[in-house]
Each structure stands twice: as C-alpha cells, then as structure tokens.
Amino acid sequence: MKFYKDHYDVIVIGGALAGLSSALMLADKGLDVLVLERHNLPGGIATSFVRGGIEIEAALHEMMSIGPGDNRLKVGKFFDDMGLDIEWLQVPECYHASLPGLEVTLHPGLETFSREIDEQVPGTYDKVLKLLKLCDTVFNSVNELSIHPMSKPQMLMKHEAFVKTAGYSTKEVLDTFDLPQKALDLLAPYWIYVGSGFSDLPFTIYSVLMADYVGYGSMIPRKLSHEMSLKMAERAEELGVQIEYRQHVDKILVKNGRAYGVRTARGDEIYSDYVISAAYPNKVYTSMIEPLSEVPEEATKMVNGRRLSLTAFSVILILDKPAEELNIKDYSIFRGDTMDTDALYENLAGLGPYRYLTCICHNYGNPGVTPEGTCSFSVTVLPRVDGWKTVKAEDYDRVKHEVAKQLIDDMSEYFGVNLLDHVLECVIETPMTIAHYTGAWNGCIYGYAHTMEDHIVARLQTAEEEKFIDRLEFAGAHAISGDGMGPAVTNGRKAAKNVLDDIAARKEADR
Amino acid sequence: MKVKNFLTDVGGASRVTKARLKAFHSASPALTDVDPIGNVSREWHPGPIELVVTKITPACKTAKTIRFERTDGKKLPFFYAGQYIVLDFRIGKSLISRPYSISSAPYQARAEKPFVEITVRKSKGDGFICDYVNDELKVGDILTGTMGLGQFYYEPLRDAKHVVALAGGVGITPFASMAKEVVNGTLDIDLTILYGSASSDDIVMKEELDALEGACDKLHIVHVLSGDEPGWTGEKGFLTAELIRKYSAEDTTYFICGPQVMYTFLRKEVAKLDVPARRVRFEVFGQAKDIAMYEGFPTELRHESFTITVVRGISEVEIPAKATESIVVALERAGIRIETGCRSGECGFCRTKVISGDYFVCPEGDGRRAADKEFNYVHACAAYPLSDMKIKIPIM
C-alpha cells in the first residue's frame with residue numbers, strides 16, 4: 001500500500017509549532033508539504049492531556065507576541081493571516097514577584113509597570129520607563145530587521161539603539177541606569193523565559209522579552225495550547241499539507257551535500273526538494289544525516305561549540321479546593337530567594353534544591369478550566385540540562401519525586417497551606433518526559449543558550465555560512481530566535497522563508 | 001571598551017559575531033555529542049518490545065499466569081506496580097491488542113533474570129483474547145508488548161500511606177504487583193487488599209497471595225466470598241461500606257479494580273464512606289460490554305452495519321463495521337493495525353480523525369481533549385459508527 005506521494009516540495013520533520021508554522025506558510029504559497037510527527041497529535045509540548053476527566057495544560061505559561069485583536073503582534077498577526085481562529089484570553093497580570101523584601105503584582109503596559117515599580121521603590125519611574133522604552137525601540141528594530149535585512153549604514157541610521165546596544169550584556173546596560181537593587185529585582189523575573197544570567201544575556205534579547213511581555217501582556221488559548229496546535233494542524237491540512245502522526249524520522253538522506261528526502265523508522269523512504277528539521281542539529285549531525293560522511297567538520301564543531309540551554313521540570317497539581325481558599329491569588333508567581341540571575345543560573349545546573357520557581361494557576365487566566373470547587377496549580381523550574389544528564393534510569397523516579405516534593409513544599413510554606421493535603425491529580429513532567437514525547441535532544445526546550453558568545457545578532461549575521469547541508473533548514477527552539485512558543489512560530493516562518501527565497505533564487509538563476 | 005560609552009559604540013554587532021565564530025573555531029570536531037536524558041526516557045519507555053513466553057502456570061482453576069521475557073534477554077522497562085502492558089496478537093487475519101494489568105512486580109522486571117507476568121481468566125464465552133491466552137498461547141510463542149502504561153498506581157505525592165485495595169475477580173492483578181513490591185521493600189505503603197470472589201475456587205493467585213501475606217506485616221490480604229461455602233471462616237458477602245470501613249485507617253486511599261458490575265456497586269458503597277474524592281481511584285474498566293445500553297445511543301441502529309473508509313497517508317480502504325462495535329474493533333477485524341492503550345476511551349493512543357460520518361462516544365471515561373471534540377477527533381476504542389464514515393488513522 002502506498003502511503004506517500006513520489007515526491008514533495010518540502011518534508012517537515014516535527015509537527016510542533018515551528019514545523020507547523022513552516023508548513024502553513026509554505027502551503028499558503030502553494031507548495032506541496034509533508035509533515036512527519038512522532039507523537040499522535042500536533043504541538044510538541046504545546047499540548048494538553050486528560051487526567052481523571054480534567055484536561056490539563058502541558059507546558060504553556062503565557063504566549064508572547066500575540067497582542068490584542070486590534071493591535072496584533074507578529075505571531076498573532078501570522079495566525080490571523082493564516083486564517084486561524086484561536087480564542088485568546090488575556091493573562092491578567094505580568095507576574096506576582098515574591099522576592100526578598102518584595103511581594104508585588106505587576107501589570108502590563110510600560111507606564112503601568114513603571115508606576116507599579118515606583119510605588120515599591122519611589123523615585124524610579126522615569127528611569128524605569130526610559131529603560132522600558134529603550135527595550136521597546138530595540139524590540140521594534142529586531143522585528144523589522146528580521147523581515148527586512150539592511151546594510152550596516154542604513155541600520156545605524158534607522159536602528160541606532162539596536163546597533164549601539166548589540167555588543168552589550170543585559171547587566172552592562174542595566175548598570176548604566178543606576179537603579180536601586182529593588183527596582184532591578186522587579187525588572188528581572190522574566191529572565192527565566194530566556195534562560196541566561198544577566199551578565200551573559202544579550203541586552204537585545206532582554207529588550208525583546210520586556211517590550212513584548214510588559215508592553216503588550218500575554219495570552220493563552222481557551223482550550224489550552226492544544227487548541228492552538230490543533231488549529232494550526234487543521235488549517236495546514238485544509239491548505240493541502242499532508243500530516244502523518246506516529247512517524248519517527250530516523251534519517252535525512254543526503255547526497256553530494258544536498259538533502260533529498262528522509263527515511264522513517266517504519267522504513268518509508270520519502271523524497272523532497274527540501275527538508276526542514278525540528279530535530280536538533282546535535283541529533284541531525286551526529287546520527288540522522290545519511291551517510292554521516294556528508295556531515296562537514298564545521299557542522300560538528302558548531303554543535304560542540306554551542307551550549308544547550310534549559311529544559312523543564314514541572315509538577316502540575318489539580319487541587320480539591322478553589323484557588324483563593326488555598327491562598328493562591330495570582331495567575332503567575334515568580335518566587336526566588338535572590339534575583340541575582342547569574343547565581344540562579346548556576347543553581348539551575350544542579351538537581352536542586354532549586355531557588356527560583358515559576359508558578360501558574362490557570363484558573364485566574366482561564367476561568368472554568370477545571371471543575372467547580374477545584375483549581376490547577378503548577379510549579380516549574382527550568383533547569384539546565386547539565387544536572388539532569390547525570391541522572392541514571394534506576395534513580396530517575398527517586399530524583400523526580402525529590403525535586404517535585406521540594407517544589408510543592410516550598411510553595412506550601414509560602415501559601416501557609418499544605419498543598420499535599422489537596423491533591424486530586426499530580427503529574428510530574430521532567431526533562432525525560434519531554435525527551436520521550438518530543439524527541440528533543442536531552443529534553444532541551446530552549447535550544448541554544450542566548451549568550452554573548454552566541455548572540456542573536458551574530459546568529460543572524462552568520463546564518464548563511466552555517467548552512468552546511470544544501471536544502472536542509474532548521475526550525476525549532478534551536479533556530480535563530482531561540483526558545484519560547486512565540487519564537488517557535490518565528491523560527492518556523494524563517495525556515496519557510498529560506499526555502500521560498502532559495503526557490504526564487506534558483507528560478508532566477510535558471511532564467 | 002568602556003561600558004558607559006555604549007550608546008556611542010557601533011561595533012557591537014561585529015564584536016559578538018567574531019566572538020561566536022571564535023567559539024566555534026576552537027570547538028572539537030568529533031562526533032561525540034550524546035543524549036543521556038533521551039536514553040533514560042527510552043529505558044523507561046522503549047516502545048514495543050519483543051517478548052517470548054517462558055512459563056505458563058495455573059493461577060486457579062479458570063486462570064493462568066503467563067510469564068514473558070525479552071527475546072534479547074535484556075531487562076524489561078521500568079514501570080509502577082498497578083500499570084498495564086499492551087500485547088499485540090495476530091489471530092487469523094486480525095491484528096488485535098489488549099491491555100493487561102501486570103501481575104508481577106516492578107523489581108522482577110529489573111532482576112538478574114528479568115520477567116513480566118500477566119494473569120488472565122478464561123471468559124464465559126465472550127472474551128475472544130482471554131480464551132486465546134488461556135487455551136492457545138504456549139511457551140516459546142513470541143509477541144510484541146508495550147509496557148508501563150496507565151495511571152493506576154500509588155503516587156506518594158497524592159495518595160495516603162494507608163492503601164485499601166478493593167479487588168474483584170481477576171481485578172486482583174494490579175494489587176498482586178503492588179503486594180509483591182511491598183514485600184520486596186520497594187513500595188513503602190501499608191496495603192490491605194479486600195479481595196472479593198464468588199467461591200474459594202475462584203480466587204486467582206490464592207497460594208501466591210497467601211505466601212506474600214505471611215512475609216510482611218505491611219501487607220494484609222482479606223478474602224471475601226460472596227457465595228456460601230461450608231467451612232469458610234473468613235469475610236463473607238460483598239465489599240460493603242461497612243466492611244471497607246473496618247479495614248480503613250483515618251486517612252486511606254482506595255484503589256478499585258474489578259468487573260464493571262462491581263464498579264456500579266462500589267461507587268455507591270464508597271460514597272457512603274464520606275471520604276474526599278482524591279482518596280478514591282478507579283482503574284479504567286475496559287471496553288463497554290454493551291454500548292447500546294448507554295443513554296443517548298440510538299437503539300434503533302443497534303443491528304446496523306456500515307462501511308468505514310479508512311485513510312492512511314494517500315491510501316484509502318473500505319471496511320465493514322457494526323454500530324455496536326467500536327471503530328477499533330472494526331479496524332482490528334479487518335487486519336488494520338491501530339495503536340491502542342487502555343481501550344476504555346481514556347488514554348488517547350487510538351486518537352483518530354473523523355473526516356465524515358456520525359458516531360457515538362461512550363460517555364464513560366471519555367478522555368478527549370476539548371479542541372479534539374471540536375474538530376471531530378475520537379478515541380476509536382470508545383467510538384461507535386452510526387453511519388458510513390471516513391476516518392484518518394496513523395500509518396503503522
């Protein structure tokens with residue numbers, strides 16, 4: 001029986017947000033696309049599962065780059081343009097910060113956010129607002145430059161702040177604002193969403209993070225992230241994309257430096273003009289390219305020269321009381337015993353006790369997400385892969401439970417309520433869980449660390465030279481824009497654009 | 001470069017680009033990167049593995065315990081006591097899968113001579129595969145199995161240390177696994193099993209259980225016979241609230257596994273205990289015995305047959321289907337492989353897109369996601385055709 005066509009324009013490995021974004025964009029331009037996804041549903045970690053009759057969000061805390069209906073940001077606009085009708089709910093706050101000497105909830109809007117910080121640390125309004133506006137300027141430049149690359153002199157004319165901050169870390173730039181420590185602490189909690197300590201985090205990335213989340217707030221889909229993933233998949237199929245679930249791609253077929261298809265674990269060999277891989281370059285260059293002799297030395301050097309960023313560990317509880325009765329008052333809580341991001345980054349290299357926790361109570365953003373009289377509460381740490389790489393299979397269950405217990409105990413102490421007395425359902429997601437369901441290399445969901453040695457500006461500058469295999473593109477957290485569900489979409493679109501540009505260039509050359 | 005001058009520094013982009021290239025330049029060219037986290041995930045969940053039957057022993061007059069080892073002799077995957085294994089059978093032209101609670105213990109799967117066991121009772125004429133396992137399966141037969149599935153296990157962050165298991169008939173199997181793990185010292189709970197059987201002849205794994213009970217003071221097994229039996233001095237009757245209360249501690253988690261009739265009875269009895277919902281855990285009960293009995297099923301269609309067009313990739317085939325048999329059963333009869341897990345509508349392994357046609361979903365244990373419902377995805381083990389249909393399933 002014949003399950004595949006003889007040939008596709010593009011094969012996309014992985015039907016998560018990046019791969020589906022690629023597929024949508026390519027199909028929208030009339031290309032014949034096949035998506036092969038290893039799991040039996042789309043989305044990767046942008047998914048949900050059902051326990052005890054309750055549907056539970058697997059990963060999404062808050063989606064950036066959507067923006068309100070009348071002022072869409074780039075991801076929201078892309079979804080609209082593709083005809084996706086996702087029911088977005090605005091997350092009510094930026095976050096509640098629970099830090100040494102600080103218990104404060106901050107809300108979106110650059111002015112609002114600055115004013116709320118000023119209420120805690122009087123006299124900082126102007127400086128904080130100036131910083132946030134600088135972030136916003138850099139953010140706008142990044143958005144524009146990612147679509148319309150331009151020459152350096154042009155960039156300097158039109159995108160001065162972007163150019164002039166590009167060489168500096170977040171810490172270096174923040175230091176110039178001469179803010180009191182408490183104000184700096186309140187400007188730091190989102191750091192975990194980009195996952196590098198401030199002395200190594202490019203200010204460019206900090207800018208995007210702050211301008212997007214603080215400026216516009218964040219969104220979640222009413223039917224959890226599976227709504228977003230499924231609507232992308234359904235729309236892609238409407239546009240003619242063939243999506244096949246439960247298909248593991250083992251090999252990317254390469255000849256004379258050019259990708260020409262894939263082989264699945266089932267043994268199907270499928271051919272195409274282009275391959276877009278959501279599998280990590282680490283996996284592609286060490287085991288998927290067939291033959292491996294086609295992998296140039298530069299490719300393995302690049303893989304070895306980059307640092308994997310963060311993975312995720314979450315304990316998700318369905319509790320048998322409404323949130324307010326358990327003293328849970330916010331959608332999002334960042335809790336740390338310090339806001340020294342460099343020290344916290346070190347702490348993430350181990351297996352706990354973890355010092356910086358990220359908590360979500362979905363009921364505050366999505367009322368009715370759990371049955372009456374219950375609530376959903378998750379505690380997440382985003383550790384580096386380093387510590388988890390040392391866990392052996394026989395110790396896995398013990399380590400997993402020890403870490404989960406620490407997270408629940410810490411938050412129980414904070415709320416003054418023993419959460420363990422209220423657990424209807426308890427799900428522990430680990431780096432191994434992520435690896436199991438998505439195949440992500442070492443369960444890493446953040447791709448490569450955003451550092452001064454692996455700067456997004458540098459990534460953009462050298463992208464062309466890092467195409468080691470012709471007609472093979474990468475889409476996923478490991479691609480240029482890095483981690484996060486919003487950037488995943490951007491990464492997918494970028495890979496699709498590269499394919500479209502390449503096709504156009506070849507046509508031009510043939511003329 | 002002085003930081004305070006950053007607003008006049010236009011060389012940053014070139015500088016960071018050089019830094020990046022330098023890092024790559026000095027990196028090792030060896031293909032040595034490894035994925036230990038992925039490897040652990042594969043040790044726990046390797047997917048289907050090849051198993052060989054190495055031992056068959058009677059578990060009572062009407063049930064047998066089947067032991068499997070890996071054909072490659074390796075250790076079996078980790079699992080939690082109470083979880084199940086899905087075995088794939090090829091019988092005639094049918095490809096059929098079945099979930100069975102594992103009756104051996106997790107430590108035995110990782111022992112020097114590793115094995116996994118299921119215990120299966122012969123049916124009363126309606127259990128095609130149960131009878132196949134009892135009558136046809138023999139030492140040396142090779143099957144594929146996927147193990148470590150299901151949510152029916154003790155979770156220390158959720159459950160009370162004192163566990164009362166309520167078992168009926170062959171529903172003892174997950175508790176046999178837990179009991180062995182308790183005796184081995186690798187499951188730290190106080191376990192009391194209230195085990196209901198019709199007569200002492202019907203007690204599955206009686207000798208094995210009795211031997212375990214004597215071996216550890218954290219394990220108590222209480223047989224409860226529903227029929228009158230001369231000389232029986234143990235508990236009698238059904239697993240009533242009164243009896244359950246007698247063996248409960250102040251904070252107890254109840255695990256329940258048995259036939260569907262027992263669930264109907266126990267739901268009422270457990271309600272009388274007045275314990276919080278989080279303390280009561282039912283195992284999924286498998287395929288509905290008679291779907292036409294559920295409210296909402298159009299009984300006028302119960303004898304109807306339909307055609308299902310099955311799409312896999314770019315191919316399509318038509319297969320016959322009955323209104324009272326799930327889509328999974330229709331596929332299996334036609335020899336089309338579909339992955340299944342719990343076969344109770346819950347786990348979603350058999351998630352299937354309905355392209356067109358009407359269907360009925362078993363309301364019990366409906367584990368579909370909200371967005372899946374909106375887009376006509378069903379769990380095919382719990383969905384029944386009510387017209388000709390067109391569905392899309394994964395290529396297997």
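Helix H11 (residues 281–288) of chain A is mostly covered, with 7 of its 8 residues buried; a residue is buried if 20 or more other C-beta atoms, placed from the backbone, lie within 10 Å of its own. Helices (H or I, at least four residues) and strands (E, at least two) are DSSP runs numbered from the N terminus. The model is predicted: local features need pLDDT of at least 70, side-chain atom pairs count only at pLDDT 80 or more, and totals for chains, interfaces and linings use all residues. Residues are numbered from 1 along each chain as its sequence is written, while chains are lettered from A and ligands numbered from 1 in the order in which they are written.

**Covered helices of chain A**

- The buried residues of H11(A) are Pro281(A), Asn282(A), Lys283(A), Val284(A), Tyr285(A), Thr286(A) and Met288(A).
- The cover over these residues of H11(A) includes strands E10 (249–255), E12 (269–277), E13 (289–290) and E19 (472–474) and helix H12 (297–305) of chain A.
- Helix H16 (residues 431–438) of chain A is largely enclosed by the rest of the structure, because 8 of its 8 residues are buried.
- Among the buried residues of H16(A) are Pro431(A), Met432(A), His436(A) and Tyr437(A).
- Both chains take part in covering H16(A): the elements include strands E14 (313–319) and E18 (423–429) and helices H14 (385–388) and H15 (396–415) of chain A, together with helix H2 (36–44) of chain B.
- Just after H16(A), Gly439(A) has a positive phi of about 75 degrees.

- Strand E1 (residues 8–13) of chain A runs parallel to E2(A) and is joined to it by 4 bridges; two strands pair if DSSP finds at least two bridges between them.
- Ile11(A) has Leu34(A) of E2(A) as its bridge partner.
- E2(A) also pairs in the parallel sense with strand E9 (residues 242–244) of chain A, over 3 bridges, and there Gln242(A) is the bridge partner of Leu34(A).

**Domains of chain B**

- The domain assignment of chain B gives domain 1 (42–149), domain 2 (162–282) and domain 3 (291–392), with bounds that come from an automatic or database assignment.
- The C-alpha centres of domain 1 and domain 3 of chain B lie 26 Å apart.
- Across this pair, 8 residues of domain 1 of chain B are in contact with 8 residues of domain 3 of chain B, contact requiring C-beta atoms, placed from the backbone, within 7 Å.
- Strand E4 (residues 94–101) of chain B gives the most to the side of domain 1 that touches domain 3, with 5 residues.

Notes
Buried ≥ 20, exposed ≤ 12 C-beta atoms within 10 Å, placed from the backbone. Contact = placed C-beta atoms within 7 Å.
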